[in-house]
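User: I'm new to reading structures like this one. Could you walk me through some features, with the general idea first and then the case here?

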Amino acid sequence: MAKVVVFGVGQWAELAHFYLTHDSPHEVAAFTVDSSYITGESFKGLPIFPYEEIERHAAPGDFNMFIPMSFKKMNHLRAQRYEDATRRGYSLISYVSSKATTFPGFSCGSNCFILEDNTIQPFVTIGNDVVMWSGNHIGHHSVIKDHVTITSHVVISGCCTIESFCFFGVNATVRDETVVAPETLVGMGSVI
């Protein structure tokens, strides 16, 4: 169990708070965001601290961080916050829904946000800072590298490699043994 500071005060942060509160051993202790985005003193009944001075309020070592930011700029904004928080000494937790299907030996990197009804077959490798919305299928022996967003009902067949900074729209499908190049945007309903 870790005390966690969640980055953001929008919908993604609200969802992170909900999932961590109802389906994880972690305790959300506070929120943080750039001071220019702070419009009140609290969010979800917890304090909001300016990110510029977060160490003063929630020191690394005493608190972990979770950065559930969106896919804007092909995940680069989230990646920048991820790298900055890591440089500041924070450990970043991952959330994997108890309602996701995984198998013995499954692990993922840090700052992953993996929601319900994902089926992750055996021998899948998932890197750091990966978002997987609800209802996806990740086929056996596939590799998903860092800073990727997979929206809902995406099928990635077996033995695929998804390079860093990719985005997959709803209902996209990737056939087996495919390599998807870095920074590829796969539109809704696309078939590769």
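User: Let's start with S134: is it buried or exposed?

Analyst: Burial is read from relative accessible area: under 20% is buried, over 50% is exposed, and in between is partly exposed (1.4 Å probe, protein chains only). S134 comes out at 16%, so it counts as buried. Before we go on, this is a predicted model, where local features need pLDDT of at least 70 and side-chain atom pairs count only at pLDDT 80 or more, while totals for chains, interfaces and linings use all residues. Residues are numbered from 1 along each chain as its sequence is written, and side-chain values use heavy atoms, with hydrogens and water left out.

User: Where does S134 sit, and which residues is it in contact with?

Analyst: Helices (H or I, at least four residues) and strands (E, at least two) are DSSP runs, numbered from the N terminus. S134 falls in the loop between strand 10 (131-132) and strand 11 (137-138). Contact means heavy atoms within 4.5 Å. Leaving aside neighbours within four places in sequence, S134 is in contact with L115, E116, N118, T151, S152 and H153. With E116 there's also a side-chain polar contact of 2.9 Å. That term means a pair of N or O atoms within 3.5 Å; within protein, one must be able to donate a hydrogen and the other to accept it, and residues adjacent in sequence count only if both atoms are side-chain atoms.

User: Which residue does the side chain of D23 join in a polar contact?

Analyst: That's S98, at 2.7 Å. D23 is in the loop between helix 1 and strand 2 (27-33). Leaving out neighbours within four places in sequence, D23 is in contact with Y95, S97 and S98. D23 and Y95 are 72 residues apart along the chain, yet their C-alpha atoms are separated by 8.8 Å.

User: How do I read the sheets?

Analyst: Strands of a sheet pair through backbone hydrogen bonds, either parallel or antiparallel. Here, two strands pair if DSSP finds at least two bridges between them.

User: Which strands does strand 4 pair with?

Analyst: Strand 2 pairs with strand 4 in the parallel sense over three bridges, while strand 3 (42-43) pairs with it in the antiparallel sense over two. V33 has P50 as its bridge partner, and F43 has L46. The hairpin of strands 3 and 4 has two residues between the strands, and K44 takes a positive phi near 55 degrees there. Four of the five residues of strand 4 (46-50) are buried, so this strand is largely enclosed by the rest of the structure.

User: What lines the largest pocket?

Analyst: On a 1 Å grid over the protein atoms alone, a pocket is an open set of points where a 1.4 Å probe fits, with protein on both sides within 12 Å along at least five of seven lines; lining residues have an atom within 4 Å of a point. The largest pocket is lined by 15 residues, with F7, G8, V33, M69 and S70 nearest its centre. Helix 1 (11-22) and helix 3 (76-87) each give two or more residues to the lining.
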